[in-house]
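Thank you all for making the time this morning. I would like to take you through one structure, going from its aromatic rings to its helix packing and then to a few individual residues.

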Amino acid sequence: MAATQGTSAVASTEKIDFLKLQNGSDIRGVAIAGVEGEPVNITEPGTEAIAAAFAAWLLNKKKSDGLRRLRISVGHDSRISAHKLQNAVTHGITSAGHDVLQFGLASTPAMFNSTLTEDEMNHCPADGGIMITASHLPYNRNGFKFFTSDGGLNKADIKDILERASRVYEESAHRDKQEQTGVVTQVDYMSIYASDLVQAVRKSAGNKEKPLEGLHIVVDAGNGAGGFFVDKVLKPLGAVTSGSQFLEPDGLFPNHIPNPEDKAAMEAITQAVLNNKADLGIIFDTDVDRSAAVDSSGRELNRNRLIALMSAIVLEEHPGTTVVTDSVTSDGLTTFIEKKLGGKHHRFKRGYKNVIDEAIRLNSTGEESHLAMETSGHGALKENHWLDDGAYLMVKLLNKLAGARTSNPNIGSKVLTDLVEGLEEASVVVEIRFKIDQNHADLKGRSFRDYGESILKHLENVISEDPNLHKAPKNYEGVRVSGYGGWFLLRLSLHDPVLPLNIEAQSKDDAIKLGHSVLAAVSEFSALDTSALNKFLQQ
């Protein structure tokens with residue numbers, strides 16, 4: 001670890017609309033020029049202002065008198081803009097008189113963890129953390145996630161920080177460059193974080209040093225930040241890791257999108273498992289807050305299956321607990337959690353922060369919840385401070401494997417596959433996205449959100465008159481309907497002028513019947529592009 005003084009901050013007069021950088025509870029934008037129609041809006045001076053604004057927000061949150069010196073951890077994924085933005089974040093914080101712990105290549109969960117770790121030798125806990133990432137988005141994008149010891153920030157916090165950043169940026173144009181008075185220290189935090197994961201697996205196997213000895217596990221990091229899992233977690237536990245792929249960080253993502261929801265990514269890890277005759281495959285997204293797995297037969301353990309698997313593990317530990325998920329989970333998952341596992345399924349809204357916050361809220365009302373998961377691969381457990389941590393999810397699977405191997409050393413991933421036995425799965429799973437043309441006359445001056453809500457209201461009215469369709473009795477997002485042996489959900493996107501439609505059914509014919517029901521209800525809204533649904537219905 002090395003400590004250095006910062007250099008002088010950069011000033012700029014370039015205009016930035018900071019509030020347009022908000023993406024729910026994150027900040028995202030374009031950091032690399034060269035893609036037509038995507039001008040750069042995450043600049044170095046703008047980044048300095050955002051970092052300084054976070055430091056000011058953090059001081060206010062901690063109710064400091066303004067004289068206290070903060071320690072803020074900074075990490076990044078493998079994106080090609082990571083280093084310049086790390087330097088800008090560092091300048092912004094140190095010019096405000098605070099210290100920076102530079103972690104270098106890191107995972108998003110590790111950044112939150114750094115606010116909890118008690119390790120004065122490595123300057124932890126940090127008062128706050130900043131992760132420089134844009135998750136699975138293309139190489140030219142980047143952004144920021146922020147953490148305190150209470151977890152990730154919410155939408156209102158991000159808006160506050162961006163408003164502060166706008167003021168900081170404007171003020172910087174009218175003053176001399178500020179000298180950096182904070183101290184910068186490099187810390188190998190990923191080794192500390194990985195060590196905690198290793199200890200968790202060892203503990204589950206009765207403190208055996210190498211509980212995964214002889215087990216063949218391949219990892220696909222998608223050239224993101226997840227490569228550490230092989231050398232720092234699996235190998236110390238005794239696993240064979242030959243055949244692991246795309247572990248080297250490469251911000252151009254040359255092999256596939258690092259996204260457990262991406263078909264090509266899942267095909268890549270499945271093929272690696274089969275080619276290497278591995279017991280288990282693990283795949284992470286770019287910043288390791290999402291994950292999925294593949295069993296030895298090549299069966300994908302993602303989306304509803306991964307939620308079912310995690311539910312089975314958590315409900316063994318906490319019988320009867322409530323599992324909170326996003327809105328697009330299947331009817332089969334509800335039946336599995338409630339009828340087979342004896343738990344309660346609380347289907348909520350899309351957005352990992354929405355799902356986590358709802359689980360926390362339920363606990364505060366006396367309804368016990370220990371697991372919050374999205375079909376995207378985001379998953380958080382109460383035992384892990386409600387942190388959505390893709391590596392920790394996989395450790396829960398490894399714990400199950402390690403524990404089973406204490407009584408049967410030859411058991412492989414079948415112990416995991418058996419846990420999802422009985423999960424009813426649809427034969428046809430479709431997602432279609434309807435775009436709203438914001439310039440269309442049919443909007444009559446309304447926002448796309450108001451127009452979208454009027455479509456949903458009309459659909460709801462039409463459905464109520466159809467005896468073959470039944471609106472879900474409890475639903476928190478959009479219009480969810482069962483019928484023809486399946487279901488559909490039409491909802492408004494969290495951020496974009498888009499209405500995603502999810503359909504699941506046991507046959508193509510049934511899925512088409514559900515699709516026709518939606519089309520008949522929404523076709524009178526001429527600003528809605530239904531071409532993708534028409535194409536599906538004509539196949």
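What we have here is a predicted model, in which local features need pLDDT of at least 70 and side-chain atom pairs count only at pLDDT 80 or more, while totals for chains, interfaces and linings use all residues. Residues are numbered from 1 along each chain as its sequence is written, and side-chain values use heavy atoms, with hydrogens and water left out.

Let me start with the aromatic rings. A pair of aromatic rings is described by the distance of the centres and the angle of the planes. Rings of Phe, Tyr and Trp (for Trp, its six-membered ring) are taken to pair if their centres lie within 6.5 Å, and planes under 30 degrees apart count as stacked, over 60 as edge-to-face and the rest as tilted. By this rule there are eleven aromatic pairs. One of them brings together Phe18 and Tyr169, whose ring centres are 5.4 Å apart and whose planes stand at 70°, so the pair is edge-to-face. This pair links distant parts of the chain, with Phe18 in the loop between β1 (3–5) and β2 (22–23) and Tyr169 in helix α4 (residues 155–172), 151 residues apart. Helices (H or I, at least four residues) and strands (E, at least two) are DSSP runs, numbered from the N terminus. Both Phe18 and Tyr169 are buried, where buried means under 20% relative accessible area, exposed over 50%, and partly exposed in between, with a 1.4 Å probe and protein chains only.

A stacked pair is formed by Phe54 and Trp57, at 6.0 Å centre to centre and with 15° between the planes. These two residues are three apart in helix α1 (residues 44–61), and are therefore separated by about one helical turn.

Leu309 is in helix α8 (residues 303–317), and it counts as buried because its relative accessibility is 0%. Setting aside neighbours within four places in sequence, Leu309 is in contact (heavy atoms within 4.5 Å) with Leu301, Leu397, Leu416, Leu419 and Val420.

How do α8 and helix α11 (residues 390–405) pack, and at what angle? They pack at about 60°, with their axes 11 Å apart; the axes are lines fitted to C-alpha atoms, for helices over the stretch in contact, and angles run from 0 to 180 degrees between N-to-C directions. α8 and α11 are therefore oblique to each other, given that angles under 35 degrees count as roughly parallel, over 145 as roughly antiparallel, 65 to 115 as roughly perpendicular and the rest as oblique. The crossing of α8 and α11 is left-handed, a term used if the near helix is turned anticlockwise from the far one by less than a right angle, with right-handed used if clockwise. On the α8 side the contact includes Leu306, Leu309 and Met310, and on the α11 side it includes Leu393, Met394 and Leu397.

Helix α5 (residues 189–204) also packs with α11, at an angle of about 25° and with the axes 8 Å apart, which makes α5 roughly parallel to α11. Among the residues making this contact are Tyr193, Leu197 and Val201 of α5, together with Tyr392, Val395 and Leu398 of α11. The crossing of α5 and α11 is right-handed.

I will finish with the backbone. Cys124 and Pro125 are joined by a cis peptide bond, with omega about 15°, and Pro125 is placed in the loop between α3 (108–113) and β6 (128–132).

Asn207, a residue other than glycine, has a positive phi near 65°; it is found in the loop between α5 and β10 (217–220), and counts as exposed at 64% relative accessibility. Trp386, likewise not a glycine, has a positive phi of about 60°. Trp386 is in the loop between β17 (379–381) and β18 (387–388), and is buried, with a relative accessible area of 13%.
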